[in-house]
Amino acid sequence: MSKISKAAKTVRKADVGNVIRAIVRAGQAAPGPPLGPVLGQRGIPIGQFCKDFNEKTKDIKEGIPLPIKVFVKPDRTYDLKINQPTVSYFLKAAAGIERGAGKTGHEVAGMVTVKHVYEIARVKAQDESFALQNMSLENVVRCIIGSARSLGIRVVNDLSAEEYQRFLQEREEKRRSDEAAAAEELTSGKKK
């Protein structure tokens with residue numbers, strides 16, 4: 001290994017230790033866990049960080065999960081980089097659901113159209129993670145479709161509002177019947 005590659009490897013190791021990655025909800029940074037202890041270990045003033053973060057995200061709807069990177073400098077100052085909201089947030093918002101499927105592959109939590117996926121891909125293609133990899137829009141769309149599958153969200157070509165409303169009603173009825181069956185099984189198990 002040459003001296004240059006050893007030096008580059010050392011620099012990379014030093015940089016990784018000085019970067020804190022987290023997902024924080026817009027306008028809701030608080031000094032408590034999980035953010036507070038991580039920042040405190042690095043000597044960053046937690047109150048000041050929360051104030052800075054909440055100030056920078058005041059124009060964004062409160063509660064949206066934002067991936068952040070905090071670059072810690074040796075003099076205990078920091079640079080804050082706020083990225084676009086997560087893909088899962090966009091997908092759940094487009095599908096109109098709170099949570100993904102409990103059993104991925106066995107149940108469908110929601111549906112989105114290809115148009116929704118394309119719009120999400122256009123926003124996320126500008127994000128640093130996709131831009132650094134120099135991914136085409138087509139590959140970004142494929143990544144988002146994979147994320148949708150892992151959340152239990154079905155991607156369809158076309159979807160009318162009435163059809164989706166019927167799907168959500170059927171899903172809610174199935175969820176209620178499954179809960180009732182589980183509760184009945186639990187009570188019958190106690191009687192034995």
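Two residues are said to be in contact when they have heavy atoms within 4.5 Å of each other. Counted in this way, 64% of the contacts in the chain with a separation of 6 or more are made by residues 24 or more positions apart. The structure is a predicted model, in which local features need pLDDT of at least 70 and side-chain atom pairs count only at pLDDT 80 or more, while totals for chains, interfaces and linings use all residues. Residues are numbered from 1 along each chain as its sequence is written, and side-chain values use heavy atoms, with hydrogens and water left out.

The overall plan comes first. The chain has eight helices and five strands, where helices (H or I, at least four residues) and strands (E, at least two) are DSSP runs, numbered from the N terminus. Read from the N terminus on, the elements follow the order α-β-α-α-β-β-α-β-α-α-α-β-α. Of the 192 residues of the chain, 29% count as buried, a word that stands for under 20% relative accessible area, with exposed meaning over 50% and partly exposed the range in between (1.4 Å probe, protein chains only).

Helix α3, which spans residues 46–56, shows how burial can be arranged on a helix, for F49, C50 and F53 are buried there. These three residues cover an arc of only 95 degrees around the axis, and therefore they lie on the same side of α3; the arc is that of the directions from the helix axis to the C-beta atoms. The buried residues of α3 pack against β1 (19–25), α2 (35–41), β2 and β3.

Beyond this helix, in the loop between α3 and β2, comes T57. Is T57 buried or exposed? With a relative accessibility of 1%, T57 counts as buried. When neighbours within four places in sequence are left aside, T57 is in contact with A26, G27, L66 and I82.

The axes of helix α5 (residues 114–124) and α7 come within 9 Å and cross at roughly 115 degrees, where axes are lines fitted to C-alpha atoms, for helices over the stretch in contact, and angles run from 0 to 180 degrees between N-to-C directions. On the side of α5 the contact is made by V117, Y118, I120, A121 and R122, and on the side of α7 by L137, V140, V141, I144 and I145. By class, this contact of α5 with α7 has nine nonpolar, no polar and one charged residues, with Ala, Val, Leu, Ile, Met, Phe, Trp, Tyr, Cys and Pro counted as nonpolar, Asp, Glu, Lys and Arg as charged, and the others, Gly among them, as polar.

At 30% relative accessibility, L137 counts as partly exposed. Leaving aside neighbours within four places in sequence, L137 is in contact with Y118, A121, R122 and A125. L137 and Y118 are 19 residues apart in sequence, and from C-alpha to C-alpha they are 8.4 Å apart in space.

Helix α7 (residues 137–151) also packs with helix α4 (residues 87–95), at an angle of about 70 degrees and with the axes 10 Å apart. This angle makes α4 roughly perpendicular to α7, a description that applies from 65 to 115 degrees, whereas angles under 35 degrees count as roughly parallel, over 145 as roughly antiparallel and the rest as oblique. The residues that make the contact are V87, S88, L91 and K92 of α4 together with I144, S147, A148 and L151 of α7. Sorted by class, the contact of α4 with α7 has five nonpolar, two polar and one charged residues.

Two loop residues complete the picture. R76, in the loop between β2 (65–72) and β3 (78–82), has a positive phi of about 65 degrees although it is not a glycine, and at 55% relative accessibility R76 counts as exposed. N134, in the loop between α6 (128–132) and α7, has a positive phi of about 55 degrees and is likewise not a glycine; at 69% relative accessibility, N134 counts as exposed.
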